[in-house]
Amino acid sequence: MLKKTAPLLSSAALALALGTVSASADIMVGVLVPDSGPAGLFGPSTRNSAALAAEQINASGGINGEQIELVFADVGVPPAEAAQAALRLWKGEGVKAFVGMHDSAVREALIGRFNGQVPYVYTAVYEGKSCADGLYVTGETPSQQLEPVIPFLAEKEGVSKWYLIGHDYNWPRDTNALAKGYIADAGGEVVGEEYVPFTVSEFDSSLQRIKESGADAVLVTLVGGGSVGFNVSFAGFGLDDQAIRLGTLIEENTLAGIGADNANRLYSSSGYFASIETDMAASFAADYSKTFGSDAPALNGLGQSAYEGLMLLAALANKAGSLDVAAMDAAAEGTTWSTPRGENTLTGRHMAQTIYLADGSGGAFNVVASFDNVASSEACSN
Amino acid sequence: MAYQIGLYLIYGIAAQGIGFLWGKTGVLPLGQSLFFGIAAYVTAITLKVDGNLFLNLVLAAMVLALIAGVAFVLATLVFRGRNESGPYFSLITLALVMIAEQVAGTATSLTGGFNGMSGFNSLGDLDPFGNFYYVIVAATVAVSLLLFILNRLPINLIAKAVLDNEPRMQLLGFPTHMIKGAAFAFSAMIAAMAGGLFASHQGIVTPTSTGFALSAEMVILTAVGGRFHVLGPLIGAVIVGWASAELRGSFPYWELLMALVFILVVLKAPGGIAELLEAAFRRVWPKTPTPLTPSVVAPPTRSGTRPAPLRFEDVQLKIGVVRILNGVSFETPATGIVSVIGPNGAGKTSALNTITGNLNVTGGRIMLGEVRIDSRPPHNALGNGIGRKLQVPSVFFSLSVSENLAIAMMAGRLRMADLFRTTPLQWRSRSLSRVLNNPSVPLKNELTDPVQHLPQGHRQFLEYAMTVAAEPSVLLLDEPCAGLSPDETALMTELVRVYQIETAGLVIIIEHDMSIVEAISDKVLVLHLGQVLAFDDYKKIRDNPDVQAVYAGGTK
Amino acid sequence: MSSVLLLNLAWQISTLALVALGLAIVFGKLRIMNMAHGEFVMIGAYAPVITSMLGLPGWLQLPVCLATVGFVAFVLERTIIRHLYGRMFDSLLATWGIAILLREIVELVFGRGYQSVSPPLTGTFSVLGADYPAYRIAVIIGIVLGFIGLYLWNTRSKVATQIKAMVGNPELAEAIGIDTARLSAGAFVFGCCTAGVAGLILAPTVRIEPMMGLDYLIRSFFALVVGGLGSLEGLGIGAGIIAGTQTFLGAVASQTYGYLAVLTLSILFLWLKPNGVRSSSH
């Protein structure tokens, strides 16, 4: 019954299992996870994924021959407190590099705090436009999630009239700004665009507008609970017959909340799904359930991104030969490494990766297409 | 440690502002991060545009003044015409902060939206965790010192009195809505200052800085730390902040524990950590209460306007569908004692309420000499020379007798500049000394006692003494002898008579006891069913058949 | 005005009235500013999750909801709330703590993730020329009937009169033999149970997770202060104004404007008409 304690206990078990390793650890890596706040849902899967990554990095020789040890901090709090927590790890505990899965406001605060003095891998899906010394991004940006996917769906489903709905903040607005271009390129049109406050949980009037607009496709950039509420009502009004839905942040937990009944023709675009069937993904999922138990928090793109981030850190630091920001920045371009997501390349400090499109009909993601080596349109230079 | 404690001190400063407002005046602000956040954004914009220290400081002063001004106007408008601080004001501040958070998140071009505004250096280009830390410490010390000084000034006592008994403060001539407005403005200014420090310290401002969650958090810090003590909110902010940083990552039940502690504090220790600490401290070094020592001759009162006749002209008063006063007309002489009698429900107390402005007339008018006095706020009554003692003794129950008297001495005498001097706390007028020195008046042996422990009779004398302290030329007394022993009754009527002779003013007294009425009245006004039944001297009233008919009807 | 907009208005207003009903009792009658009100809605919404977890049949959802919410409310009343009668600001603070407590406990038991509940009625129904979810139509009708029943009970029942007496003058009520402690506890538990039932009814149409309660709290409070405390008519009017403004502006302008308008309207009412449109306090 106590679902929150179970993952903590299993993390503790893992830490004990790794006890011999961490005793000889030479490098401490700070992992910034949302334990509380709106993204608190992703805390446990993020911690677990990061722990698996550390285990594998150490097993294959660590970073430049030195073993790593993870130190976690909760950054599911406002930016000021999150920056404070990161600072504690950096100045207080001597952490040498950071991997963070959190929102953009926290990222901006951390960039200001780190000021290019410590390597920092940001792993969450985000809107792009972030460049700084020592910052490397594994998270999917809108261009990656949409550029290949919109034309694919336009052809597969024969849709052309898009309605854009998102929460009223930077990520949805920036995503939709790009989406409009891709829709036009695919010969479609935008029949409506709307942003709702985080505080609004009723979507009736939006649904009415979607219905009246005659849209046959809806791009959903609502996040978390808002996305669940919207999609539940969407199906309740029978709109799933009228239009397909494409979300760029609908992962396994959100889909579970939407429910099988309400997920008809609901697509999601992401760099990771638990149901990807590559060898590396399958062995990752097997390790995950072996280490944390079969009722461990569900794997999902956000949580798994911490694994990607640590793997990038290791690959890049090994290539550069040190954790020095200047050396890493110089070595960054063209770094390649493979993970459960596929073959990845660092271009413009962003991760070119495989993008998967999955159909959530029936309540489980079924990958219907994958697009290899999709580079982000974001490009940070040295 | 410095990099951690800086942020807690900033929150602590804002919480000190909340503590001042909430602990002293009882007004609970749920939207303090409105001011915190606006100041933070303005600071961020300023630092982005220009790093000139002098310019920034001038601008900061202007912004603080502006925020204080807006907060004052806002609170004064909301509190005007009311004599309590119910939840409506708290809910308004809550709604305001929700609007601010939404606007900050939506107006991306101005505020950077959800991701916030960043990319600026701290004020004076100091290292946020080096030298700027000392700026924060200096600000904390300065705010604390300021609050400690305020505690010794009349403002402190006035604020406490407003919380204790706002209607009484209004009758003593204090514009309570402006006092609460000023307290709110002061707390807003402190929050704004903290917000400015925050922006400069953090280098980023996001909508959460002006959000509801931060507001609630600051209230919790204040409550846990202790809202009645200057340092309480600071202690709360540092302890909770530090414990949260230490435990949040490792102890999964942290928020559960915090919620339980908070509930316990509200239920069992409303004074928070500070009060517990102080109680422990006082066990070792006990504090003996010292009465305020009145040693300064009070300046002349402003309420002693020239005696004038009081005239009701066809006064109507309707509340809902009920007609309370139904065309009351009479004119008193300029000096003398007028008794008001009549059966229960005749409208006696309501008539006094229309004179003091506690009730607005719905028709007709009330004149004092040539001045129209009806339907103006009660706090202006004393300015018209009208003092009033209420039916049930209305004094400041949580304060001591000497503090009650000190407040009364300030009534009608205090000027703006006096708020910032300690001497008003020691004021004593000659006429009040005479009342207190009357060997039969009981109060002088219980000056340090809290009023709530006083017997009823003593409270009557206290309220009487407080009412006449301002030396009003029109004194309204509502059953001053209720609950008094025969000796005390004689004393009270004697005091009233002497007061009237000394001031040559007008005394209007509601009284049921006919022997008292007979003894002191120059004229008697009989009210019945909201109308004047008779207005004459005592003998003629006694022989008036209409009056006899009403009183023979049964009710005393 | 399109028929869908009309139906949306009916849905929003009736569900807000239902959600706010419990708060109207607890805040309006007992003067407890219950910041944990939304958490009782949340617990009610978890009732179907509990029944399916325990493998119980669907018709037990309502009894399970009432038992769970009622038990939690009763325990809280006996341990915490009873100390707070007559201390309005303290009640606000303590119940804020209770809200956090309940969220954390639900998170411990059910986890942080979203839950999903299927409606007992699926499909859409054609009303006034518009396709509208059948479940919503059934709920609207149910709420309207429920409120009519409550109105009749309120005007005739002895308990309702006793509550009125207790609110008007607790000492006097005590003196004439009303057990105010029991009555208060009963009213609190009843108020919380209506919130729980609201949660149960809304469950198939909303997201279900430990933090969902906040959505319902603020709107309920504003509906009450706008409508005026203490009367069912006031509750209806308040819900109509708040939900109506949000829905109407959300339809013709945008949800953001609707939200800001609701807040602005609430400020104006709190400032200029703190007793609401209808108030029984005079």
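View 1. The contact brings together 23 residues of chain B and 26 residues of chain C; two residues count as touching if their C-beta atoms, placed from the backbone, lie within 7 Å. On the chain B side, helix H4 (87-106), helix H10 (212-225) and helix H12 (254-268) of chain B each give two or more residues. Helices (H or I, at least four residues) and strands (E, at least two) are DSSP runs, numbered from the N terminus. H4(B) provides the largest share, with 10 residues. By class, this side of chain B splits into 19 nonpolar, 3 polar and 1 charged. Here Ala, Val, Leu, Ile, Met, Phe, Trp, Tyr, Cys and Pro count as nonpolar, Asp, Glu, Lys and Arg as charged, and the others, Gly among them, as polar.

A quick note on bookkeeping: residues are numbered from 1 along each chain as its sequence is written, while chains are lettered from A and ligands numbered from 1 in the order in which they are written. Since we're looking at a predicted model, local features need pLDDT of at least 70 and side-chain atom pairs count only at pLDDT 80 or more, but totals for chains, interfaces and linings use all residues.

**View 2. Chain A against chain C.** Here 34 residues of chain A are in contact with 33 residues of chain C. Strand E7 (189-196), helix H9 (204-213), helix H10 (224-236) and helix H11 (252-258) of chain A each put at least two residues into the chain A side. The largest share, 6 residues, belongs to H10(A). This side of chain A has 12 nonpolar, 15 polar and 7 charged residues.

**View 3. The two domains of chain A.** An automatic or database domain assignment sets the bounds: domain 1 covers 5-140 + 275-347, and domain 2 covers 143-270. Taken over C-alpha atoms, their centres sit 30 Å apart. Domain 1 of chain A and domain 2 of chain A put 13 residues each into the contact. On the domain 1 side, those are 7 nonpolar, 4 polar and 2 charged.

**View 4. An open sheet in chain B and the helix across it.** Four strands line up as E5-E4-E7-E8 in chain B, with antiparallel pairing; strands pair if DSSP finds at least two bridges between them. The edges are strand E5 (322-331) and strand E8 (371-372) of chain B, each pairing on one side only. Strand E7 (residues 363-368) of chain B is joined to E8(B) by 2 bridges, and B:Leu368 stands opposite B:Val371 in E8(B). Helix H14 (residues 348-356) of chain B lies across strand E4 (310-319), E5 and E7 of chain B, at about 70 degrees to E5(B). Axes are lines fitted to C-alpha atoms, for helices over the stretch in contact, with angles running from 0 to 180 degrees between N-to-C directions.

**View 5. Inside the largest nonpolar core.** Such a core is a set of buried Ala, Val, Leu, Ile, Met, Phe, Trp, Tyr and Cys residues joined through C-beta atoms within 7 Å, where buried means that 20 or more other C-beta atoms lie within 10 Å of a residue's own. Of its 406 residues, A:Ala86, A:Leu310, B:Ile67, B:Ala192 and C:Ala20 touch the most other members. Helix H1 (residues 3-29) of chain C gives the largest share, 17 residues. Neighbours within four places in sequence aside, C:Ala20 contacts C:Ser220, C:Ala223, C:Leu224, C:Leu235 and C:Ala239.

Methods:
A residue is buried if 20 or more other C-beta atoms lie within 10 Å of its own, exposed if 12 or fewer, and partly exposed in between; C-beta atoms are placed from the backbone.
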